[in-house]
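Good morning, and thank you for coming.

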Amino acid sequence: MSAAAPPVASSTPVLEIRGVTKAFGERQVLRGIDLAVTEHRAVALIGASGSGKSTLLRCIDLLEEIDDGDVFLDGEVITDPTVKPVAVRRKLGVVFQAYNLFPHMTALQNVVLGEMRAHGAPRAEAEERGRSLLARFGLEGREGDRPDNLSGGQQQRVAIARAFAGKPRALLLDEVTSALDPELVGEVLAAVRDLKAEGMTMVIATHEMSFAREVADEVAFLHDGQIIESGPPQKVLEAPEREETKRFLRRLLEAGRI
Amino acid sequence: MAESAVITDRRLEREAAKRRQHRRGQAIAAVSTVVVIGGLATWILTSPGWPEVRETFFSWSIFKDAFPEVLEGFWLDVKVFLVCEVAILIVGLIVALVRTSRSPAFFPLRLLGVVYVDLFRGFPTIMLVYLVGFGVPALKLSGLPTDPVVLGGIALTLSYSAYVAEVYRAGIGSVHRGQRDAALAVGLTDNQAMRHVILPQAVRRVAPPLLNDFVALQKDVALISILGPQEAFRIAQIIQYETFNFTPLIAAALLYLAVTIPLARVVDRIGGGPEGAVR
């Protein structure tokens, strides 16, 4: 896959995280995260609930303010207090665990809202693109449906189309299948696979180890607010070095999640 | 799926039992209604004072004479109500938005919003009507309205906007924070997120409590009569004084009901379920 990917434009990572820390009150959630994601690559963040995966993604999209360290997007710092968050968020796409679709809007309106209001695209143009995106994720004919008329899997695919509609430099996926019934997981993962094949740069927080192995170029194991082990999926998932990683994978295995 | 299923005896038995239960339920409801309503009615209608009460409150001949006059006054109520309602929806929304804004530039306005809501929700509405209705003209400043209807309307708007602002604010607070996250994540500004994502959901949710305030407002419109204008309740009162009979007040009450009951049905329809679902 990566061999066939378009040539890497430069060696500057699309996303680079350096020494990021974040506490909520007394609770230290991130304790110095370093991570670089180069273009067209997908990094899977794995780790137990509460290990800081979601918080890290929220910090990258500036939905949370970090305490220390910095995040760079295409080499430019985005976590400086003087940087306007809106401009940064327009270059990133986020898919949330609970979909967070706008319930008062149709699927198509959900997808085109950002394009029209944030990117200033004319309605006709945004809708045409929105329709083709929905079709691409298997939602042809559902453009006029509101979220509560869609299954969880369909809602999450609308959310993926919505995040992708703003032509983001990178997509941040936060446990996009954890709220789904098992039989609906596959269709959402297929959508992500599709974006990966197109060369989308992604950070994927996930509990789906088989998916991480298949799609990610790199797996990073978060434990207690730190990335304590990272590398190619085969290595981290099959021959982990750290005791904590082994224990985490063993627990998943016992729970039948691998 | 089940349309080809054979209808078994057991199924017929179940359905017959359910029909019996249903019939018994209906019979109990009917009997208890007759007993309760009938009992209450008999109790009142056979009371020693009933003939007198009927004559004083429910006199058909007085009702017929008073109704056209009261109805004429009622148009003033309707006009004041409609104009105030629109003004209150706008002023209340502005106060709520100011109070929920995060911009530091809005700090003095936020403070003002808090003070306004605290004060005007606390003042009795009748006092505000006196204060604005008699106080403002007494200032003798040029350019300020002097029409008692306008002044009364302003007093009502000031009073009710404070309540409505809090209703809106509760609605805004009830929209899940993930909605704001998602709106910001697609690149909207704070203001755009409020306008396109949060407010539309909040407003649908607060439609029923807003109606509550409007039903109350509709009755409080009668307060402007203390400034002089003759609206339905005032006219009914005048006829009451002339005839020593309360029936005209009943006529006014019926007119109020004629507005508030349909309003309630409309809101039931647009307000949706407990989640403020959009359908």
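The model is predicted, so local features need pLDDT of at least 70 and side-chain atom pairs count only at pLDDT 80 or more, while totals for chains, interfaces and linings use all residues. Residues are numbered from 1 along each chain as its sequence is written, chains are lettered from A and ligands numbered from 1 in the order in which they are written, and side-chain values use heavy atoms, with hydrogens and water left out.

Let us look at chain B. It has ten helices and zero strands; helices are DSSP runs of H or I with at least four residues, strands are runs of E with at least two, and both are numbered from the N terminus. How does its radius of gyration compare with that of a compact globule of 279 residues? Chain B has 26 Å, whereas such a globule would have a value near 19 Å. This radius is taken over C-alpha atoms, and the globule rule is 2.2 Å times the number of residues to the power 0.38. Along the principal axes, the C-alpha atoms of chain B fill a box of roughly 85 × 70 × 25 Å. Of the 279 residues in chain B, 37% are buried. Buried means under 20% relative accessible area, exposed means over 50%, and partly exposed lies in between, with a 1.4 Å probe and protein chains only. The areas come from the Shrake-Rupley method, and for residues only the protein chains shown count as cover.

Side chains of opposite charge can pair when their charged atoms come close. Here a salt bridge is a side-chain nitrogen of Lys or Arg within 4 Å of a carboxyl oxygen of Asp or Glu.

B:Arg177 lies in helix H7 of chain B and A:Glu64 in the loop between helix H1 and strand E4 of chain A, so the pair joins two chains.

A second pair is A:Glu198 with A:Arg136, whose closest N and O atoms are 2.9 Å apart. A:Glu198 is in the loop between helix H6 and strand E8, and A:Arg136 is in helix H4, so the bridge ties together parts that are 62 residues apart in sequence. A:Glu198 is partly exposed at 44%, and A:Arg136 is partly exposed at 30%.

Finally, the charged patches. Their residues have over 30% relative accessible area and no salt bridge, and like charges are joined within 9 Å. Lys and Arg count as positive, Asp and Glu as negative, and His and the chain ends are not counted. Each charge is placed at NZ of Lys, CZ of Arg, CG of Asp or CD of Glu.

B:Asp65, B:Glu69, B:Glu72 and B:Glu242 form a negative patch. Helix H3 of chain B, residues 60-100, gives the most to this patch, with three residues. B:Glu69 lies in that helix and is partly exposed at 46%.

A:Lys246, A:Arg247, A:Arg250 and A:Arg251 form a positive patch. A:Arg250 belongs to helix H9 of chain A and is partly exposed at 41%.

Key:
Patches are made of residues with over 30% relative accessible area and no salt bridge: like charges are joined within 9 Å, nonpolar side chains (Val, Leu, Ile, Met, Phe, Trp, Tyr) within 5 Å. Accessible areas come from the Shrake-Rupley method with a 1.4 Å probe; for residues, only the protein chains shown count as cover.
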